[in-house]
Amino acid sequence: MSAQFPTTLNGTDNEKLTELCGFPYHQQAVWFLNAFWNEHEGEAEKLWAFVDKCSEFDYEKHEEGCGLDEMNAHRFLEAFDETMTVREMRANLRESGAIGEKERPKVVPLIHVLLFKYNVDWKRLVNSSQGDNAEKIAQAQDRLAQVKEAFKQSEEAAQQAKKALAEAKQREAEAMQHMQQQRKQDKKKMQHMQQQKKQDKEKQQQYKSREEAAVAAAEEAKQKEDAAHAAAEEAKRKEEAAHAAAEEARQKQLRSSSSSSSRRSKTKRRRSTCSSRRS
């Protein structure tokens, strides 16, 4: 930043604007505030925020710089949620005559942004008197320093809160992961228990089926045994009946033989008697 602040610009209005665009960011903002203090006094702190952000995005000259390349100019506009684009801004400045139709600036000075944003008369800007509001501008700059310090503290608190939130989320994620792993293990245990229960049930059914089959086989064997006993008893009865019939037949045969023998004896005796009588 220059040690002595300029109070006048030289040449034509366009030459004056070109000269002003070459001032460091801080001096561009001061010149603008001096020119339009009555209309935009309340924007002083915001303009100092603009100066601070331009210095941040000017990686080569920082606060001694006077303009940003288009990429960083877009970043600057996005940082303050500005909807304008560099192309729109330059088109507007060409319409007003602030820059020539064929003029293609390599950088975007802060003054161009302020002219477009606040829609002020650029000729009034370059021809305005300087120095009347130095004290108020200094006060605004002091307020900006306070705002920057408060913002820094707020940013530090936000970073700490962000870190704490990240740690809390990490712990939550770890707890969630542990819980999910525990659920998976519990699920596996439950599945194993259900599988074991199913196997036990199948074994019980198998044992029951085998037991029922054994009971049925035993019952069938008993029935066969009873049938065999009954058949044996029947065979025994038949055998006894056969023996009885045979014995009865034998007795009949004996009686028949005895009767025949008796009849033959009687016949023989009669014949013998007859023969004796004939003699």
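I call a residue buried under 20% relative accessible area, exposed over 50% and partly exposed in between, with a 1.4 Å probe and protein chains only. I am working on a predicted model, where local features need pLDDT of at least 70, side-chain atom pairs count only at pLDDT 80 or more, and totals for chains, interfaces and linings use all residues. Residues are numbered from 1 along each chain as its sequence is written, and side-chain values use heavy atoms, leaving out hydrogens and water.

**Positive phi**

I looked up Asp81 first. Its phi is near 55°, positive in a residue other than glycine. Most residues other than glycine have a negative phi. Asp81 sits in the loop between α5 and α6. Helices are DSSP runs of H or I with at least four residues, strands are runs of E with at least two, and both are numbered from the N terminus. Asp81 counts as exposed, at 68% relative accessibility.

Asn119 also went into the notebook. Its phi is positive, about 50°, and it is not a glycine. I found Asn119 in the loop between α7 and α8. At 63% relative accessibility, it is exposed.

**Helix α5**

Which residues of α5 are buried? In this helix, residues 70-79, they are Asn72, Ala73, Phe76 and Leu77. They lie on the same side of α5 because they cover an arc of only 145° around the axis. I take that arc from the directions from the helix axis to the C-beta atoms. Met71 and Glu78 are exposed on the other side.

I then checked what covers the buried residues. The cover includes α4 (44-57), β1 (67-68), α6 (86-96), β2 (108-109) and α7 (110-118). At the N-terminal end, Asp69 caps α5, with a side-chain oxygen 3.2 Å from the backbone nitrogen of Met71.

**Core**

A nonpolar core is a set of buried Ala, Val, Leu, Ile, Met, Phe, Trp, Tyr and Cys residues joined through side-chain atoms within 4.5 Å. The largest one here has 42 residues. Phe32, Phe76, Leu110, Ile111 and Leu125 have the most contacts inside it. Two or more residues come from each of α1 (13-21), α2 (25-35), α4, α5, α6, α7 and α8 (122-126).

I followed Leu110 (contact: heavy atoms within 4.5 Å). Leaving aside neighbours within four places in sequence, its contacts include Tyr25, Phe50, Cys54, Cys66 and Phe76.

**Cysteines**

How many disulfides does the structure hold? I found zero, taking a disulfide as a pair of cysteine sulfur atoms within 2.5 Å. The sulfur of Cys66 is 8.1 Å from the closest cysteine sulfur, in Cys21, too far for a bond. Cys66 is partly exposed at 23% relative accessible area, whereas Cys54 is buried at 3%.

Terms used
Polar contact = N/O pair within 3.5 Å; in protein donor to acceptor, adjacent residues only side chain to side chain.
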